[in-house]
Amino acid sequence: MAQDFPPRAFGFLPRWSFYADPSGATRTPITADLMAWLGPLPAAGPGPGPGSPGGGAWAFGGPSPTASVHPGAIHPNFAPSVGQAGYPAGVFPGPGAAAGTQQYTSAHALPPHGVQPAGPGQWRPPGPQAKAKAEPPEDDPKEIARSGEAVPAFQAMTTEQKVQLISSLRSAWRAGRPRPRRAWATAELSALLREQEALLRSTPHEWTTGIIQTAFGRSYDMLQVGPSGWPHLHEAILMMADFVYRKLRPALRKVGMPDSLAALVELDQALSDAAGSSGSPLFEGFARNWYVLCFSPDRRGATAAVSRRVWARMGGPAPSLVTTSMSYLHHLALPPLERRRCSGPRTVAFALALLSTLLEADAETRQRYGRAAGQRARTPSRAVWVLGASDAVEGPLAQNGYFEDAGALEAGGKLQLFLVSDERLQGEWPCGSSVRVHARTREAEWFSEALPEPKLVFCMNTGLGTLGAPVVARWAPCLLGLLLASVPTVLTCRCQAEVRGERALLKVLGAKLFMLTSAPKHIRNLYSGMAADPDIEYDDNGWLLAFNGSSLSEPALRELAGNPEKLVKEASRILESEAEGGQSEGGGGRTPAVFWGILDLKYDAGKTPDARVRILESGDGRSSRFSGYGAAIKETVQHDLKLGETLLRRSILVENKKLTHDLIVDSGYGHVRPIQVAFPRVYSPGLASRIRAALSLEDEGYCVLKLCNRQRGAGVIPIRVAELEEALEQLLVLPEDVEAWLRRQPKDWARHVCWGSFEEQLRHWWSNECPVFVVEELCCSQPTVIQPGAGGCNKGSEADERGRPREFDGTMRVGFSLLKDEELETDVVARSGSDDEEAAKALKARARAKRPRRLAMFGDFDGLRVQWLGGYWKLPIEDTESGDLRGRVVSVAKQGTAPVPPSELHDVYATLGDVVQAMFGCHDLSYRGLVSRYKDQPELGAFIVARLALSAKPREKDARLRLLGVAQTELKKCSGLPCSFVQSYVDRSFGVSEAMFGNWEAARPMFKRSLHSMPANSTARFLLGMCLMESGSQGDLQAAVARMEESLLLDPDFKAPYADIGVAHLRLGDYDAAVEISEVGLARHPATAHLEYNLACSKFVLACREEEAAKQRGEAAHVAAGLRRRALEAFRAAREHRGKEQQWTERDQEMVEQLHRESRPLSWPASLMPRDGWRFLSWRQ
């Protein structure tokens, strides 16, 4: 007897949605109202049912009904509802079928419509009642003669036919479409149409129908993967879109527009608006161009049959998928944020069109069983559910009409789209004339009574493929209900790693895939957030898969869904076995990379897509610190990457926040940059008011002051707006006499100043050479919760007074590497060891062929591709309840780290899209480009050009000096205090050009000129000290120490002076002073090899002296255990963290060996005591 479910048995699925197993052996528990509606079910047929071998995805186990599916519902140009021998497109006879039978080769798709079971794994051809007919090959002459209605010549077409042609080929999208930026005169558009027609007729061998024929060949499976690596359908759409772009963009130059995809789409929109109606004088020319674009003039051979099918499909009720090239181009051309907003609604439309044949078959199956039960015919559902919707993402889209696009590729009445949320999301919004959106909260008591039966359910970007236990636990009840109810469901995910995880998870759950293909699997979604760009690894709604029901029994499903840990464990086991099986296919060695770096950002998953990510700064990975959970990124780089030629221009990009953020905006990603404004570093009354107005700040609000070219939080000052004026006056007004001011400062000030204090930040600002500063909005991340005693994070051991978890406003750091196609090809040849030129060319060609084909419409990015390396949270010193603003906002990795869930990392990567490639590969960073970019700020242009000069290789001295000359020329265009800062930087750069070749004496006057222009220049004082130290005399060494101590008084976070003061003290023989400065430096800069080595040498000498003194006192057995232990620890750390330029000598190894002999006094000649250390040559470029 059937038993009722509790109303909320499956979390939030309505009670009507559960099916019964009609086999009679076991019945799925089902509600009484559904049993009454179904009535007595037909007897099961002889074929396999759910859960049996070969059962596939047959929802009820009985004979499959005949499907009355209109031709062309999925793949109209190839008659998708019928395939070989009457089978649907994508279903083929199996090679092992017996005579008189056909084998259904897919174990995961619905059985062919009209096909009856003949035994396990076999299927009889359709009976007489089947409407489908066997289709002959497309190049059959008889078929060419009779395949549908002939395509009329353009001159013979009626007005209605021309309107039909235009409406079928133009973009289907309405929401988010770009508006023309200029008003076009009729004469201009008419001339453009004539130019387009000439371009289209110039290559008669390229036509839409020919491209379709090429993409599909003789295959009827539109989702079968072809040689290009794309499914046939995708390949056809992409090839047609790229063909349109290549053919028509030359016409843009004739009308004075850039030959970009955005310009082409803008012009197409203008033509559609002006010429799309039959009453327009441009209508004839517009229709003619579409006709030429689509149909070959001769229409002979195989393409004639394709042309006729295309023409026949254009009269259908919905647009054809394979002729949506303009829809795809319009999607691809959108700015990144707008495209991401449109992705969800357009994914709904794409999936509905893609699955329409199967959905209609599913609907007819339901109707059939309803009729068998004597029930009144039910109207086919026009409802779509989107589960897991949120007020931050889908809510604003509905309110702004974006879901109008969800019904753009389907006909048959108004689409009712239900957003189902765990949050308090309620409301109704009309989206155009064909879609109405309803928002429902899952927790509402009336939920199960309020929603209509869905035609299709969507679960978007769930993160299930990450196999994270919390994510799987959240979605497990939902998956249980969907699988038991056999509700057609579409999952979307963001990356191939999630594809593999979802595939394993669905395999464990026995899900039956619901795709019209012989080999159902995840497919790339053309209307994803990045428009299926083949070089993008992470993409919102980037991959999709449909399923419908499960082959497992209900008890087995319930057991799995009720135990998410077991579900994750089983899926992980499948992934591990697949990985082991694929190991032999993978290549060894490290991947060549041209650069690796980091992005520090704020992230909050609860915010809208335009506010979710804020990039604070970028950096060079080689000079960045990775501790705690970030250590894995450094390990990945060391084991998996091989750094080749570093990008010449990277230094100026990653080390200047102003330039970084400007390039982010120019790349179309202004929404991931904090709202900010830049000002010259000079104070004037009322500056705070101008900042408040520029950023629309309230007095009780906050903002952040930043220096443009400093890292490690130096110069970063979060501040209340009410205190802004006073702080700016202190930061921007320097002491009148810097030398006198320095003499008044305590000599040990740098040893005791509190890190990050305003007093320290004040000196960072005074000593900085960049002529501008930026003011940003204060950005916050979602709280990072640290449990008391949590392992792996030193914050976890600091519970508050009541032992509660602590919440931190962390900064996420993500690592990335840049790969260049040319470098990858060269590496393949290098690994082969072949010297043969022809063989090398063949290897490069083979490597090139393995990469996704790069179509012209996707852009190039100078051959760069990004590889994401991972991410982690850097935590601030204080939690969110602290009253210390800077302490709770500015993160410091050494203070604590925390992991980032993979699903959130993937969200970040998808949000960032191709911004890194665009920043590094699409902008003119030559000195001419930089001067032009900042022509209104010549002092900033000069500063960045000088920085570009120092990024040149050491051997390119002449080029470096020429660039510094350009900077000098630009400085003549400006005056004032910011200009003097840049002049100081340029003079210092001239000195560095000499010093890097060891010409310290030649560099000294240049460093003096630098100090003359800017007495507070900390770096110039340090470099002047280096000049003195390298002269070698005792007096100069003492003067060098004085200059470097002054440098620390102006910038206590400057690492190099700590190391080089220690070297000077070693040379002077003052080992106690060397120990003191090295320990102070290590407190700020842990694990610095230079400081560790200098400390080790000093401790070794002091240990020798102590033991020698004990010996003189008659204590021959005395061992300086403490000094020895610390010296040995420092030697080990120095050797572990040293770079290539620090040589580990035999003398160093002998000192270490003596320190290991704990029971014997040290024996080291006084004349051989260490009198030198490891210098730290920092040019502060």
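**Exercise 1. Are D600 and R813 buried or exposed, and what joins their side chains?**

Step 1: Start with burial. D600 and R813 are both buried (buried is under 20% relative accessible area, exposed is over 50%, and partly exposed is in between, using a 1.4 Å probe and protein chains only).

Step 2: Look at the side chains. They meet in a salt bridge at 2.8 Å, N to O (a salt bridge is a side-chain nitrogen of Lys or Arg within 4 Å of a carboxyl oxygen of Asp or Glu).

Step 3: D600 sits in strand β14 (residues 595–603) and R813 in strand β23 (residues 811–820), so to speak distant parts of the chain, 213 residues apart. Helices (H or I, at least four residues) and strands (E, at least two) are DSSP runs, numbered from the N terminus.

A word on the source: this is a predicted model, where local features need pLDDT of at least 70 and side-chain atom pairs count only at pLDDT 80 or more, while totals for chains, interfaces and linings use all residues. Residues are numbered from 1 along each chain as its sequence is written, and side-chain values use heavy atoms, with hydrogens and water left out.

**Exercise 2. Find what E1092 pairs with, and say where each partner lies.**

Step 1: The E1092 side chain meets that of R1126 in a salt bridge (3.8 Å, N to O).

Step 2: E1092 is in helix α41 and R1126 in helix α42 (residues 1121–1137), so the pair ties together parts 34 residues apart in sequence.

Step 3: Check accessibility. E1092 has a relative accessible area of 9%, so it counts as buried; R1126, at 25%, is partly exposed.

**Exercise 3. Describe the surroundings of Q676.**

Step 1: Q676 lies in strand β17 (residues 676–680), and its relative accessible area of 11% makes it buried.

Step 2: Setting aside residues within four places in sequence, Q676 is in contact with H661, L695, V774, V775 and E776.

Methods: Contact means heavy atoms within 4.5 Å.
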